[in-house]
Amino acid sequence: KEKITAQVSGVHLESRLPVTGYEIHMGRMGDERASQPVFQLTKRGPLVTDVSDGMKSSSGSIWGTYLHGVFDGEGFRHWWLNRLRRRRGLAELPAGQTPSLDGVYDRLAAAVRPHLNLQVIDDILRR
């Protein structure tokens, strides 16, 4: 019944790395008693909390969360990408070589821009 919108911080339970982001949702995710949580939230807005977040499969290869922006933090993103790389038999990325999100978005924009009529998009947005 109640919509939750809050800045949150906590820890990723498998890696023990700190995470930050924001929640924006209504309702609850599945049966929390049967879930394997992904994160433990320690702060919601200005309040200290102790709330589990997310659910994952028994293999850990499928998971979901209410935590938006979780990949913005380089430490967790680096750990997560290297976990995927290990599962695929690829070498890990050395520390400091995790792609920045700004760089990824810049490359995406450069690839898409030549195929868009930005003036039409701008006109639509100004209506």
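**Exercise 1. Classify R83 as buried or exposed, then find its salt-bridge partner.**

Step 1: R83 has a relative accessible area of 9%, so this residue is buried. Keep in mind that we're working with a predicted model here.

Step 2: Now look for the partner. The side chain of R83 meets that of E14 in a salt bridge, with N to O at 3.3 Å.

Step 3: Where do the two sit? R83 belongs to helix α1 (residues 74–87), while E14 is in the loop between β1 (3–12) and β2 (18–26), so the bridge ties together parts 69 residues apart in sequence.

Step 4: E14 comes out at 42% relative accessibility, which means partly exposed.

**Exercise 2. Work out which kind of pair the rings of F39 and W63 make, and which parts they tie together.**

Step 1: The structure holds six aromatic pairs. For F39 and W63, the ring centres are 5.7 Å apart and the planes stand at 80°. Planes over 60 degrees apart count as edge-to-face, so that's the label for this pair.

Step 2: F39 lies in strand β3 (residues 39–44) and W63 in strand β6 (residues 63–64), so parts 24 residues apart in sequence are tied together.

Step 3: F39 is buried at 0%, whereas W63, at 25%, is partly exposed.

**Exercise 3. Carry on from W63 to F71 and name the cluster that the ring pairs build.**

Step 1: Between W63 and F71 the centres are 6.4 Å apart and the planes are at 40°, so this pair is tilted.

Step 2: F71 has a relative accessible area of 28%, so call it partly exposed.

Step 3: Follow the ring pairs and you get a cluster of F39, W63, F71, F76, W79 and W80.

**Exercise 4. Give the count of salt bridges and inspect R86–E92 and D122–R126.**

Step 1: The count is four salt bridges.

Step 2: R86 and E92 meet through their side chains at 2.8 Å, N to O. R86 is partly exposed at 42%, and E92 is partly exposed with 42% as well.

Step 3: D122 bridges to R126, with the closest N and O atoms 2.9 Å apart. These residues are four apart in helix α3 (residues 118–126), which means a separation of about one helical turn.

Step 4: Finish with accessibility: D122 is partly exposed at 27%, while R126 is exposed at 66%.

Methods
Residues are numbered from 1 along each chain as its sequence is written. This is a predicted model: local features need pLDDT of at least 70, side-chain atom pairs count only at pLDDT 80 or more; totals for chains, interfaces and linings use all residues. Side-chain values use heavy atoms; hydrogens and water are left out. Rings of Phe, Tyr and Trp (its six-membered ring) pair if their centres lie within 6.5 Å; planes under 30 degrees apart count as stacked, over 60 as edge-to-face and the rest as tilted. Helices (H or I, at least four residues) and strands (E, at least two) are DSSP runs, numbered from the N terminus. Buried means under 20% relative accessible area, exposed over 50%, partly exposed in between (1.4 Å probe, protein chains only).
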